[in-house]
Amino acid sequence: MLELLSENRSFGGVHRRYRHRSAALNGEATLAVFLPPQALAGDRVPALHWLSGLTCTDENFMQKAGAHRLAAQLGLALVAPDTSPRGAEVPTDPAGGWDLGQGAGFYVDASEAPWNRHYRMHSYVVEELPALLEAELPLSGVRGISGHSMGGHGALVAALRHPGRYRSVSAFAPICHPSACPWGRKAFGAYLGTDPRAWAAWDATLLLAQAEERLPLLVDQGSADPFLETQLRPADLAAAAEAAGHPLELRHREGYDHSYFFIASFIDDHLRHHAAALLA
């Protein structure tokens with residue numbers, strides 16, 4: 001059951017923050033939902049699920065992306081979960097780092113102790129949360145998925161692992177090949193174990209070769225992103241898509257970095273990309 005924490009009117013719709021008990025995360029979870037005016041008028045509307053990046057919460061996208069105005073016009077709900085389980089009982093990086101543990105769930109289902117008691121973000125965002133929201137809110141069950149950085153990785157993996165569950169997918173500066181970058185190797189080694197063969201099921205670049213559905217991928221990447229070469233590796237995703245014959249539109253945005261200034265600059269393109277599929 002959803003517990004309402006706050007509510008704000010926005011562009012004729014409403015932005016709400018909720019808390020609920022999550023079975024997948026074995027604890028309480030917080031999330032945000034924007035319902036457009038059409039939902040308040042009684043329509044059941046499609047939803048774009050947004051997965052945020054390292055250190056973020058549900059608040060970053062809702063407050064910084066500037067997505068409410070066009071989502072209200074199009075009639076799209078926006079769903080923004082947190083990036084990890086939270087709480088005093090939830091383990092985090094013992095070294096105090098920001099790229100593992102709380103705020104850094106990586107949208108995988110952890111198999112290794114102590115992480116596997118709480119860190120099941122993939123099951124949470126793909127299965128548990130949509131089922132809860134579609135039961136309690138005026139959502140139609142038609143879904144798209146998008147995200148940024150770690151969340152872009154999560155969005156691509158969710159779509160590739162679950163053919164038919166989403167009608168559209170996109171990403172901003174995703175971690176395209178986590179098995180081959182420092183952020184991914186650290187997180188996967190902790191959550192999934194030290195055998196890289198266990199990582200392949202959570203790596204978009206590696207999943208493309210066996211994808212059962214050719215859902216077109218839209219990816220925006222800033223050329224001035226400080227993480228471009230070492231962490232994000234979009235060239236790896238492009239090469240894998242070409243080898244697999246998987247449709248990918250990879251757009252290089254000259255001079256843009258990894259921030260929400262980048263996301264806000266091009267969020268309307270992504271909303272229209274999703275609306276074309278979700279409202280068809």
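Predicted model: local features only at pLDDT ≥ 70, side-chain atom pairs only at ≥ 80, totals over all residues.
Residues are numbered from 1 along each chain as its sequence is written, and side-chain values use heavy atoms, leaving out hydrogens and water.

View 1. Side chains of opposite charge can pair when their charged atoms come close. A salt bridge here is a side-chain nitrogen of Lys or Arg within 4 Å of a carboxyl oxygen of Asp or Glu. The structure holds 16 salt bridges.

**View 2. D58 meets R17 in a salt bridge.** Their side chains come to 2.8 Å, N to O. Because D58 lies in helix α2 (residues 58-64) and R17 in strand β2 (residues 13-22), the pair ties together parts that are 41 residues apart in sequence. Helices (H or I, at least four residues) and strands (E, at least two) are DSSP runs, numbered from the N terminus. Both D58 and R17 are buried; buried means under 20% relative accessible area, exposed over 50%, and partly exposed in between (1.4 Å probe, protein chains only).

**View 3. D109 and R120 form a salt bridge.** Here the N to O distance is 3.7 Å. D109 and R120 both sit in the loop between β5 (77-81) and α4 (121-136), 11 residues apart. D109 counts as buried at 14% relative accessibility, while R120 is partly exposed at 31%.

**View 4. R233 pairs with D236 in a salt bridge.** The side chains meet at 2.6 Å, N to O, and R233 is partly exposed, with a relative accessible area of 27%.
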